[in-house]
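Dear colleague,

I am handing over the structure below, and after it you will find my notes on what turned up in it. Please read them alongside the coordinates.

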Amino acid sequence: DVRLTATLDDASRARLGIDLGPAATGNIPLKLNGKIASGDRDSRFGIEADLSGMRIDNILPGWIKTPGRSAKATFNVVRKDQSTRFEDVLIEGGGALIKGVVEVDDKGELMLASFPTYQPSESDRASLRAERMPDGALKISMRGDLFDGRGFIKSAVGGSSPDKSKQKLADFDLDLKFGAIAGHNGEALRALDVKLTRRNGAIRSFSLSGKIGRDT
């Protein structure tokens, strides 16, 4: 049986192999309860984390949070021989509500992320799924009636830090379909359909269709 109370800062998370870079900074007070298994059984831990002191910038698409805004995360960790699974993930607070499951391999690479409820901001109504394909690329799909795109715009025009420029450009297939994407000043893209493929840092294919204004 394991019971642990701790506060992880940026350096502590990096030593544990959970280095999120500039996308997530700040201290995380957390509580852990669980069991370390032996033999053919899996170790299982329940974790409660207070995210209120963190600055979060698109660690998940569209999720932006400033320090001081109340938020928390709860999830169960199941450690297997070849992977770690984060089950019953619940992130809430500051207008966000995200529920689902995440699985990473023994090197920390994402294998699966499935969020049937994906609302990084209060007005969002969406779902998100990402899974690793046989060639190593991530297949990412998002569906929803409404999604707030202002966080993406802010990050895109805000410049890149040296830390961001050193990040590896991952291979992925992106498939987005939304009834509407909300922008600044009341503008919106409606009936948005985006498909994008990137390999070795280069965009191989890209298509976007949507409507701006009155059926334009």
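Averaged over the protein chain, the pLDDT of this predicted model is 87, and 92% of the residues score at least 70. Confidence in the chain is highest in strand β11 (residues 125-132), at a mean of 95, whereas helix α3 (residues 162-165) has the lowest, at a mean of 46. Where pLDDT is low, the predicted coordinates should not be read in detail.

On the aromatic side chains, a search of the whole structure finds four aromatic pairs. Among them is the pair formed by Phe115 and Tyr118, which is tilted, with 6.0 Å centre to centre and 40° between the planes. Phe115 has a relative accessible area of 3%, and because buried means under 20%, Phe115 counts as buried; by the same cut-off, Tyr118 is also buried, at 0% relative accessibility. Both residues belong to one aromatic cluster, which is formed by Phe115, Tyr118, Phe147 and Phe178.

With best regards

Definitions and conventions. Residues numbered from 1 in each chain as written. Predicted model: local features only at pLDDT ≥ 70, side-chain atom pairs only at ≥ 80, totals over all residues. Heavy atoms only, no water. Phe/Tyr/Trp six-rings, centres within 6.5 Å; stacked < 30°, edge-to-face > 60°. Buried < 20%, exposed > 50% of the residue type's maximum accessible area, 1.4 Å probe, protein only. pLDDT = per-residue confidence, 0-100. Helix = DSSP H or I, 4+ residues; strand = E, 2+ residues; numbered from the N terminus.
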